[in-house]
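Welcome! Take a moment to look over the model below, and then we will walk through how its parts meet.

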Amino acid sequence: MSAITLDEHEEHDEHHGHARVNGVMHQFEDIDQQNECYAVGMWSFLVTEIMMFGALFMAYTLYRWRYADSFLAAHQYVHIWPGAINTTLLLASSFTMVLAVHYTQLKKTKLVLMNLGATMFFATAFLVVKIGWEYIPKFQEHLFPGPNFVWDKPEGSKNVAQIFFSFYFTMTGLHGLHVLIGILIIGFLALQHKKKHPAVHDDYMLTEMVALYWHFVDLVWVFIFALFYLW
Amino acid sequence: MDHSTTTAHAEGQQHPVAIYLYIWILLFVVSTFSYLVDYFHLHGSLRWTLILLFMVVKAGFIVAIFMHMRWERLALKLAILVPPLCLLILVGLMAIEGHYTFATRLASFVH
């Protein structure tokens, strides 16, 4: 196989018309088709995420149904206030993210950067509350499932309480990982906006796709908050 | 796809900030209702019905407005929403079936 240099590759692209024409890549007929392709691809990915979280939510619901008393006893250790504050933080971040998309469409880079920065701030605050106010106290109270798990409540079974906290740490941990990945992606996106990279400056769809991911993260939290903190 | 949708796509789906603000405030209002369910110590089926109802309403607002699902064409809406809904029904049926099988085994082999 002959090696193709970058310059040759660019020439190859130009020769075959691979470059964007009015923002439309060569394989698409028009901007509508291109944008819809973005949306379908991203939503397909999000559906796989829904399947992953959905399986966990379903398993949690079935166990909660089967061991209602023990799950209720374990649930007393999950405090509503940090969950409520985190709900507020994620709702705020969703709003700033949707504004970032809006201002990307209007090509107001400064406002885009402000809103992306605010989104990252709220997301980081979410993780601080989650780890500082929820995880660390639970580790100190020996509520992490395993050989050091301590259950001194008269009601509920120790083994079932461990199942509850397995679900709690798995699902909130997996969600927290998504928040962390979101912060990194939004940070990278902000950097590209700052550089006025054509891929994000001339086309709002990449920002829109990141926003879809971020709203999905918020969506998962809405379910976690209802099923773990309130129910 | 009608002409207005085509134009909207070409320029990017642009919606007034007011609609996002309005939905955002609504999300906080619904969240407050969720906290109130806990604050007033509601119990039993009323508690979980209200909590699940508010959860679905919040999720609906986020998907429809913030994720722009409301403005997508019907084919995409159906392609995204119907398969998970079918799976949800399937899982529900399997749960009922599993519960029935478990109860049958208890009745036949334990007692």
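A polar contact here is a pair of N or O atoms within 3.5 Å, where one must be able to donate a hydrogen and the other to accept it. With that in hand, you can read the count between chain B and chain A: seven residue pairs in polar contact, both residues at pLDDT 80 or more. Please keep in mind that this is a predicted model.

## Where the chains meet

On the chain B side, 42 residues are in contact with 41 residues of chain A. Together the two chains bury about 3900 Å², and 76% of that area lies on carbon and sulfur atoms. B:Tyr35, B:Met55 and B:Met67 supply 16% of the area that chain B buries against chain A, more than any other three residues.

## Charges across the interface

One salt bridge is found between chain B and chain A. A:Glu36 forms a salt bridge with B:Arg73, and their closest N and O atoms are 2.5 Å apart.

Helices H1 (3–10), H2 (17–39), H3 (44–66) and H4 (74–110) of chain B each bring at least two residues to the side that touches chain A. By class, the residues on that side of chain B are 27 nonpolar, ten polar and five charged.

## Inside chain B

Chain B is divided into domain 1 (1–71) and domain 2 (72–111). Their contact takes six residues from domain 1 and five residues from domain 2.

These two domains of chain B bury about 460 Å² between them, with 63% of it on carbon and sulfur atoms. Between them there are zero salt bridges, while three residue pairs are in polar contact, both residues at pLDDT 80 or more.

Methods
Residues are numbered from 1 along each chain as its sequence is written. Chains are lettered from A and ligands numbered from 1 in the order in which they are written. This is a predicted model: local features need pLDDT of at least 70, side-chain atom pairs count only at pLDDT 80 or more; totals for chains, interfaces and linings use all residues. Side-chain values use heavy atoms; hydrogens and water are left out. Contact means heavy atoms within 4.5 Å. Buried area is the accessible area (1.4 Å probe) that two parts lose on being put together, summed over both. A salt bridge is a side-chain nitrogen of Lys or Arg within 4 Å of a carboxyl oxygen of Asp or Glu. A polar contact is a pair of N or O atoms within 3.5 Å; within protein, one must be able to donate a hydrogen and the other to accept it, and residues adjacent in sequence count only if both atoms are side-chain atoms. Helices (H or I, at least four residues) and strands (E, at least two) are DSSP runs, numbered from the N terminus. Ala, Val, Leu, Ile, Met, Phe, Trp, Tyr, Cys and Pro count as nonpolar, Asp, Glu, Lys and Arg as charged, and the others, Gly among them, as polar. Domain bounds come from an automatic or database domain assignment.
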